[in-house]
Amino acid sequence: MRPLLGGLLLLTAVLRGQVAGAESGQPITLHWLEGDVAGATTIWTADGKRVLGFIAYRQHRVGDTLTVERTAHFSDGSTDTDEATVRVGGRLESISGRSIIRDVKGKALVDVRIDIAGQRLRGFYVDEDRERHEVDDEVDIGPGTYWGPLFNLVVKNFDANATEGRLVIQSVLATPKPRVIDMELTREGTATLRRTGGAVDAHRLVMLPTVNFLIDPILQRLAPKTEFFVTDGAPPAMARFDGPRNYAGKVIRIE
């Protein structure tokens, strides 16, 4: 999952989700139809001056079931892969998923499977001391739990689900230990993105944990600032993402 907008209010905000427009864990409404999509997107440094790699994205729909796979390939040989299977009727309902983070030699540092019906996280992660930890945890997750590429679908349907410009969702993040965390998306004005040949107007969404991440050093690395820039239209389109690559905290830009 990336950077996030903060302020002095976060010093005392412990449960920002209490004033948000949706209850965490509830599946969001799908305003836009989802189908077969495939493509590749460039990954840049945070300042947008150097290419770091690319993301290969693919989603395929059969009936009301959508499978999504997204892999970020970096120039040093490391990769981040997220998979998700969801039901896309009137709502976005998660079924299962998997997150894998590999180092420059292709060795897995995180490999976690998400079982929504079984309410379990299974797999392993390697900590900063290179010690491997097995994971088989019972967790309070449900169809309204999202991760990785599903954030894009949430952002796409933000307007149909937000109240007073806010939306809270339940998420699974690798820290590297997998955690279930409530995240809040907030509309934070508009921006003009300069591109070769012209400019793109977009509105800016910021994502932050609902708990006070300033007291948690792990969440500080995960959430310095995550921003999504989304263009208006039918449907809206993601124009840019600015945020941390993963639990390592390296900030990247995707556009």
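Reply: Start with exposure: a residue is called buried under 20% relative accessible area, exposed over 50%, and partly exposed in between. The model here is predicted. Asp 159 has a relative accessible area of 53%, so Asp 159 is exposed.

Me: Which residue meets Asp 159 in a salt bridge?

Reply: A salt bridge pairs a side-chain nitrogen of Lys or Arg with a carboxyl oxygen of Asp or Glu, within 4 Å. For Asp 159 the partner is Arg 187, at 2.1 Å from N to O. The two lie in distant parts of the chain, 28 residues apart: Asp 159 belongs to helix α2 (residues 158-161) and Arg 187 to strand β12 (residues 178-195). Arg 187 counts as partly exposed because its relative accessibility is 33%.

Me: How many salt bridges does the rule give?

Reply: The count is 18. Some residues join in a network of salt bridges, which links Asp 64, Arg 87, Arg 91 and Glu 93.

Me: Strand β12 also holds Glu 184. Is Glu 184 buried or exposed?

Reply: Glu 184 counts as buried, at 1% relative accessibility. The side chain of Glu 184 forms a salt bridge with that of Arg 166, with 3.2 Å between N and O. This pair, too, links distant parts of the chain: Arg 166 is in strand β11 (residues 166-174), 18 residues from Glu 184. Arg 166, at 26% relative accessibility, is partly exposed.

Me: What does Asp 115 pair with?

Reply: Asp 115 forms a salt bridge with Arg 122, and the closest N and O atoms are 3.6 Å apart. That value lies within the 4 Å cut-off, so the pair counts. Asp 115 is partly exposed at 27% relative accessibility, and Arg 122 is partly exposed as well, with a relative accessible area of 37%.

Me: Strand β7 (residues 108-115) contains Asp 111. Why is Asp 111 classed as buried?

Reply: The relative accessible area of Asp 111 is 13%, which is under 20%, so Asp 111 is buried.

Me: Which residues does Asp 111 touch?

Reply: Leaving out residues up to four places away in sequence, Asp 111 touches Arg 98, Ser 99, Ile 100, Arg 122, Gly 123 and Phe 124. One of these, Arg 98, makes a side-chain to side-chain polar contact with Asp 111 at 2.8 Å. Arg 122, also in the list of contacts, is the salt-bridge partner of Asp 115.

Definitions and conventions. Residues are numbered from 1 along each chain as its sequence is written. This is a predicted model: local features need pLDDT of at least 70, side-chain atom pairs count only at pLDDT 80 or more; totals for chains, interfaces and linings use all residues. Side-chain values use heavy atoms; hydrogens and water are left out. Buried means under 20% relative accessible area, exposed over 50%, partly exposed in between (1.4 Å probe, protein chains only). Helices (H or I, at least four residues) and strands (E, at least two) are DSSP runs, numbered from the N terminus. A polar contact is a pair of N or O atoms within 3.5 Å; within protein, one must be able to donate a hydrogen and the other to accept it, and residues adjacent in sequence count only if both atoms are side-chain atoms. Contact means heavy atoms within 4.5 Å.
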